[in-house]
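Dear colleague,

I am passing on the structure that we talked about, and below it you will find my notes on what the computed analysis turned up. Please read them with the model open beside you.

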Amino acid sequence: MSEKPLISVEDLRVTFRTPKGPVEAVRGIDFELGRERLGIVGESGSGKSQTGRALLRLTASNGSITAKRMEFDGIDLIKASKKTLYGIRGNRISMIMQDPKYSLNPVMTVGDQIAEAYRTHSKVSAREARAKSLAMLEAVRIREPEKVYGLYPHQVSGGMGQRIMIAMMLIPNPQVLIADEPTSALDVTVQMQVLALLDDMVRERGMGLILISHDLNLVSTFCDTVLIMYGGQIMERLPAKELHNAQHPYTRGLLNCLPRMGGGHGELPVLQRDPAWMQPQGHSA
Amino acid sequence: MSAPEATTRPVGGLRAWLLSDAPANVWQARAQRAYFGWLTFKSNPIAMAGLIIIATLLLIAAIAPLLTGGAGIEQNLGNRLQAPSSEHWFGTDELGRDIYDRIIWGSRVTLYIVFLVSIIVMPIGLLIGTIAGYVGGWIDTVLMRFTDIFLAFPRLILALAFVSALGPGLENAVIAIAVTTWSPYARLARAEALTVRSSEYILAAQIQGASTLRIVIFHVVPMCLSSIIVRLTLDMAGIILTAAGLGFLGLGAQPPLPEWGAMISTGRDFLLDQWWVSTIPGIAILVVSLGFNLLGDGLRDVLDPRSGASE
Amino acid sequence: MTRKKGAGPFPPLPPFAKNLLRVVFTLALTFLGLMAVTFFIGRVLPTDPAMAAVGNRASEAVYQAKRLELGLDRPILIQFWLFLTSALQGDFGKSIMTSKPVIDDLKRFFPATLELATVATLFGVLFGVPMGVIAAVRQSKLTDHIVRVLGLIGYSVPIFWLGMVSLVVFYAKLDWLPGTGRLDIYYDGIVDHVTGVILIDSALAGEWEVFNNALGHIILPAAMLALYSLAYIARMTRSFMLDQLSQEYVLTARVKGLPERTVIWRHAFKNMLVQLITVIALSYVNLLEGSVLTETVFAWPGIGLYITNSLFNADMNAVIGGTIVIGACFIGINMLSDVLYRLVDPRAR
C-alpha cells in the first residue's frame, strides 16, 4: 500500500465487567485499513462486532477499550474527546447494522432520519436536507422516494430498510464504512441486491470498508483481505484470493464445513476446536 | 455452536463448581442460578440495605419480648407525654405508655398485616391467573374480565368503603386491602402462564398424561413465582402504607393494639409540643416501607435482565 | 368453514370503530363491576342497609320509607337494578350529615380535589421526569443511586404523617406558609364560584391577593402528594429510558454522530413519550384517591375529606356516592390513557 492507512490498530483489547468477573471480548488484535475492503469473519462471541464498535468508541458502558494504538487519519481514537468523536461518527466513519427493524428509530419517518444524518454534519436548511435525502433515496435505488420519505420504519420491508440505513450512513460522505452483518437479516434474493448496492456505493466513493460477518463465502467474494477471528483474537489474516490456501487449522476447519456444489455426498466434517486456539497468539502480520 | 467466551479468572473449589460453564445436573444448575442472582444482588448496595432492614425487622419482631419491658399497653396516666429519656427511650404517649415498647410490639402488628395480606393475595392471584392463562378460552376471558374489574378500582377508597361497612378492626382492614390488591397478581400470573404454556416441557408433561391441575400446580405455578414475589415485595410498602392510613383514620387495628398508623393519629393533638408521640411511629413506618422497596428493587434487578448495563 | 366478510347482519366496521366499540364495552363492563362492588358494600354487607342509609336517629316513618325505596323485601337483583338506575341518574340518596342530596355535596367538593391533584401532578412531572432521565443516563453511578433512593423514599413515606410534620414545621414553627384549608377565613367568599377551582376563579377575577393566599395554602398538600407521584414518575421514566437506551436505534443515532443530549431527548425520550403520558395519567388518578389522607390532615374540603367524615358519621349514602364518583373517574381516566396510548403510538395504529 502506497498511501498511509486510514485506520491503524495495534493490540486492541475490549474488556467487560460482569458479575462473573472481567470478560475479554477482544484480546489484542492488530490490523490496518486503507482504501480497501477488509473482511472480519468469525462465529458469535468471536469479538468481531465488538471490534467494529470499539473503533467508534461505542462499546457498552460496562466495557473498556485499551490499545497500544488506535488511530484514524492521525487522530488518536482512544484519547479523542467527545467532540472529536461526534465529528468522526457518521461523518468520517459510519456503521450500518444488521436489522433495520430495530436499528431505525420507530417514531421518526425514515426520510427525517436520513435528513438528520445530513444536518448533523452540515449546516443546511431543512428544505435542502430534505432534497438531499430524497436524492440519496434515489441513489440507493428506491423508487418513489417522495412516498418512502414519509414512511415509518415498520412500514418498509427489510431490504428497503437496509437501503435506507445505507442512505443514512453514506449521506455525510464518510471515508470508512463498517458494515456489521449487513445482510444477515435479509432474504437471500434481497441480500444480493443490497450487496450489489453496497459494492457500487463503496467503489464510487472510494471508501474503505470493514465487512463483519459470519459468512465466509460472502466475505471472500466481497473483500480484498480477510481476518479470521476466534475467541477475541485473530487466527489468520490473508488476501481473499488466497483463502483456499489457508494454513490455520481453524480456517481450514471453517472452509471444510461449507457445503460445496459438486463436493460429494459424504457427511460434512464438524469443526474440532483446539483449546490451544484460546491461548494468546503472537501478533501475526 | 458459539465459541466459548474468553475468561481470565482462575477458579477452584466451591467457586469453580458454582461458576462452571457446564452444570452436571439440575441441582447444580439451580444452585448456579441462585449464586449468580446472589452475586448480582450483593453488588447492589441499595438492595443489600433493604435486605438488612427487613431482616432486622423480622428479628425485632421475633425477639420483641426480650427487647421490651412490657407489652406497650400498660397505661400510666401520671407519666403521660414524657419526653424521650434514658428511662423511656422514645418517651411516653398520651396515656403514659412507653412508646419504645409500643414501636417494638407494633412491628409484630405490621408483619401480621403483611403476612395475612400475602397469604390471601398470592394463592388467589396465582390460581386465577395461571388457570386463566393455561386453560385459555372462555374461562380465560371470564376470569380476566373479573380481574380487570378489580384492577380498575381505587385501592384506598374501596378499602375505606369496605371497612366502613364491615366495621373497624384489624382483620377487616386486612380483608379490605386484600380484596383490592389481588388483581395485578392474577394478571402477572396469567402473563407468565401464557409464556410457559407453549413450552416443550409442558407438552412433554401433557403427553405423559398429567392432568391439567397437576400441570398447573407443579409446572406453571413455579415459573410464575419469581415475578409474583418481586411484585409482592414491591407492593408490600404500599400495603403497609394503606394499612397505616386506615389505622390513622381509626379503621384498622383497634386500641390498645400498638399499630403505628393509629399511634400517629392519637399523637396528632400534641404534635406541637410533644412531637415524639406522632413522629417516631411515622419514622418506623418510613423505614420499614423503605426496606421493602429497596429489597423489591434489588430483587427486580436480579430477576429482570433488562435493567443491566446500557450502551 | 370460512365466513365471508360482512356476511353477518351488521355492516363490517373499520378497525378504528371496532377498537372504540371494544373500549366502550370494557368501560361499561368495568363500571358495572364497580357498581356491583359498591352495591355489595353498601347494601349487602351492612346488616341493615336501610338503617345505614338513614342513620339511627331517623324517625320510624323515614326508616320505613327507605326500606320500601330500597326494595329490601325484593330479590337482590331488583335491588341492584334500583341502585344502578338511581346512581346513573346521579341520585345517591341524601347525606345524613348535611341532609342534602349527596350529589350536590359531591359537586361542591370535587373541584377542590381536582385542583389539588392537578397541581400535585404538575410538580411531580416537573421534577420527576428530569430526575428519571438523569438517573437512567448516569446508570450505576452516584447520581443514579441518589435519585433512586430519593424516589424510593417518596414511595415509602406515609404522606399523612409527612403532612402533619410539615404543617408543624412550616406553619406552626416557621410561619412561612398559611395553615390548613384552602383559604384563610378572611378571604372566604370574596371570589365568585365559577369553576370551583379557587386558583382559576381568583385569577379570572383579578383578585391577586386571594390567589396568593390560595397558592400558599395549596403548596404543602400538593407537595406532599407530589412526593408520591414524583417517585412513581421518576421511577417509570428511568425504567422507560433504560429500556430505550438499550435499543439498537439508539446505537444508530450515536453512530450518526449525534451529541448524547440529542440522542437522549430527540430519540430515546420521544420513543417513550406515549408510555410516559400513560404513566402521568395513572399517577393523576392515583392522586385523586391518595388525596383522601392528605385532605384529612390539611382540612382540605375535597371529596376525600367528605368520604372520611361521612365514614365517621356512618353516612353510608355519602360514602358510597363518593366511592362511586372517584371509582368512576379512576376507571375512566385509566381507560382514556389506554386509548391515548393506542392512538399516539404509530406502531399501534
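**Where chain B meets chain C**

The contact between these two chains takes 40 residues from chain B and 46 residues from chain C, where two residues are in contact if their C-beta atoms, placed from the backbone, lie within 7 Å. On the chain B side, α6 (137-151), α7 (155-166), α11 (212-248) and α13 (276-303) each supply at least two residues, and α13(B) gives the most, with ten residues. Helices (H or I, at least four residues) and strands (E, at least two) are DSSP runs, numbered from the N terminus. The side of chain B that touches chain C divides into 25 nonpolar, nine polar and six charged residues; Ala, Val, Leu, Ile, Met, Phe, Trp, Tyr, Cys and Pro count as nonpolar, Asp, Glu, Lys and Arg as charged, and the others, Gly among them, as polar.

Before going further, please note that this is a predicted model, in which local features need pLDDT of at least 70 and side-chain atom pairs count only at pLDDT 80 or more, while totals for chains, interfaces and linings use all residues. Residues are numbered from 1 along each chain as its sequence is written, and chains are lettered from A and ligands numbered from 1 in the order in which they are written.

**Confidence in chain B**

Chain B averages a pLDDT of 81, and 93% of the residues score at least 70; pLDDT is the predictor's confidence in each residue, from 0 to 100. Among the elements of this chain, helix α1 (residues 13-19) has the lowest mean pLDDT (73) and helix α5 (residues 99-135) the highest (89). Over residues 1-11 of chain B the pLDDT is below 50, although this stretch has 22 contacts in the model beyond near neighbours in sequence. The pLDDT also stays under 50 over residues 306-311 of chain B, for which the model has 19 contacts beyond four places in sequence. Where pLDDT is low, the predicted coordinates should not be read in detail.

**Where chain C meets chain A**

Here 18 residues of chain C are in contact with 22 residues of chain A. On the chain C side, α10 (248-255) and α11 (260-298) are the elements that give two or more residues, and α10(C) gives the most, with seven residues. By class, the side of chain C that touches chain A has seven nonpolar, six polar and five charged residues.

**Inside chain A**

Chain A has ten helices and eleven strands. Six strands form an open sheet with mixed pairing, in the order β7-β8-β9-β3-β10-β11 (chain A), where two strands pair if DSSP finds at least two bridges between them. The edge strands, each pairing on one side only, are β7 (93-96) and β11 (233-239) of chain A. Four bridges join β7(A) to the parallel strand β8 (residues 176-180) of chain A, and A:S94 has A:L177 in β8(A) as its bridge partner.

The domain assignment, which is automatic or taken from a database, gives chain A a domain 1 (1-92 + 177-195 + 209-285) and a domain 2 (101-173).

With best wishes
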